[in-house]
Amino acid sequence: MAKPTLYFGGVPTGPDVDKLLEHYGVPKIGTRIPYDELAAVINQSASSNRFKSVTAQWRRKLDRQHNIVLRCIPGEAFEVADSHARVDLASRGYKMGVRKVVRCSNIAARTDRSTLSQEEARVCEHLERVASAHLLAAKTSAKEVRFQFESKGAIQ
């Protein structure tokens, strides 16, 4: 395995993103773009940090400018997400965010308040309160909507 090379404000991603936009244009829903093809267009290894940086910028640009969301098919390709896949991606991202909020509020709850300033203690209490309210809202709203992802005729 090649040693990864880090780029700290060195080589701009813009020219490589432009190459991808020229080559693929605005891909249609369902289009699958293999990592190997992308790597060849920008002349980088698909496992390099540069490849990850450029494709991340390309995906952001497609999302911002054209409302195109590319989902990852690990180890294979990017695929333009249809409406069903977009809801699935959004749902997963939301759940990850809730888990992160819970983990952070647990850190705040286990913090020894006797060593904190008054301001820090207030911040800690605020984090716990807000996280509790957010978690309660997420749990109660989850009961209102049951999500079933339909893929190729089967409900999962």
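User: Which residues of α4 are buried?

Analyst: Please note that this is a predicted model. A residue is called buried when its relative accessible area is under 20%. In α4, the buried residues are Ala85, Asp88, Val98, Ser105 and Ala108. Across the protein, buried residues make up 24% of the 156 residues.

User: How many Å should the 27 residues of helix α4 span?

Analyst: The expected span is 1.5 Å times one less than the number of residues. For α4, residues 83–109, this gives 39 Å, and the end C-alpha atoms are 39 Å apart, so the two values agree.

User: How many helices and strands does the protein have, and in what order do the elements run?

Analyst: There are 5 helices and 5 strands. Read from the N terminus, their order is α-β-α-α-β-β-α-α-β-β.

User: Which residues have the most contacts inside the largest nonpolar core?

Analyst: In soluble globular proteins, nonpolar side chains tend to be buried together. Here the largest nonpolar core has 16 residues, and those with the most contacts inside it are Leu20, Tyr24, Leu38, Phe51, Trp58, Leu70 and Phe78. At least two residues of this core come from each of α1 (14–24), α2 (35–42), α3 (49–66) and β3 (77–80).

User: With which residues is Phe51 in contact, leaving aside its neighbours within four places in sequence?

Analyst: Contact requires heavy atoms within 4.5 Å. With those neighbours left aside, Phe51 is in contact with Tyr35, Leu38, Ala39, Ile42, Gln44, Ser45 and Ala46. For the protein, among contacts with a separation of 6 or more, 51% join residues 24 or more positions apart.

Definitions and conventions
Residues are numbered from 1 along each chain as its sequence is written. This is a predicted model: local features need pLDDT of at least 70, side-chain atom pairs count only at pLDDT 80 or more; totals for chains, interfaces and linings use all residues. Side-chain values use heavy atoms; hydrogens and water are left out. A nonpolar core is a set of buried Ala, Val, Leu, Ile, Met, Phe, Trp, Tyr and Cys residues joined through side-chain atoms within 4.5 Å. Buried means under 20% relative accessible area, exposed over 50%, partly exposed in between (1.4 Å probe, protein chains only). Helices (H or I, at least four residues) and strands (E, at least two) are DSSP runs, numbered from the N terminus.
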